[in-house]
Amino acid sequence: MKLVNIGFGNMINASRLVAVVSPDSAPVKRLIQESRDRGMLINATQGRRTRAVIIMDSDHVILSYLQSETVANRLGAETVIAGWEEDADA
């Protein structure tokens with residue numbers, strides 16, 4: 001089991017992660033509100049601005065103050081991001 005720090009000492013299980021997205025779009029804002037209504041929202045921002053929304057396979061939605069890119073780098077996904085950028089240039 002690989003644990004990833006998402007800020008302020010809060011950790012998530014990397015194998016249960018589905019997606020890390022930016023909180024700016026309307027569909028993500030709806031997802032956050034629906035999760036809050038169902039009691040499946042975990043706010044790990046410590047009162048700071050939400051910069052990343054982490055979606056887990058258990059239907060939990062986690063809010064983090066870290067940037068989406070930072071969370072992805074901590075997951076070790078920099079090779080996936082770099083590979084995507086190489087394909088985008090082609």
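Q: Which residues form the largest nonpolar core?
A: A nonpolar core joins buried nonpolar residues through side-chain atoms within 4.5 Å. In this predicted model, the largest such core has 11 residues: Val4, Ile6, Ile12, Ala44, Ala52, Ile54, Met56, Ile62, Leu66, Val71 and Leu75.

Q: Which element gives the most to this core?
A: Strand β5 does, with three residues. Both β5 (52-56) and α2 supply at least two residues each. Apart from this core lies another, of five residues, among them Val28, Ile32, Val61 and Leu63.

Q: Which residues of helix α2 are buried?
A: A residue is called buried when its relative accessible area is under 20%. In α2 (residues 68-75), the buried residues are Ser68, Val71, Ala72 and Leu75. Viewed down the axis of α2, they fall within an arc of 100°, so they line one face of the helix.

Q: What is found just after α2?
A: There Gly76 takes a positive phi of about 90°.

Q: Is Ser35 buried or exposed?
A: The same cut-off of under 20% applies. Ser35 is buried, because its relative accessible area is 0%. This serine, Ser35, has its place in helix α1 (residues 26-38). Beyond residues up to four places away in sequence, Ser35 touches Met40, Leu41 and Val61.

Conventions. Residues numbered from 1 in each chain as written. Predicted model: local features only at pLDDT ≥ 70, side-chain atom pairs only at ≥ 80, totals over all residues. Heavy atoms only, no water. Buried < 20%, exposed > 50% of the residue type's maximum accessible area, 1.4 Å probe, protein only. Helix = DSSP H or I, 4+ residues; strand = E, 2+ residues; numbered from the N terminus. Arc of directions from axis to C-beta. Contact = heavy atoms within 4.5 Å.
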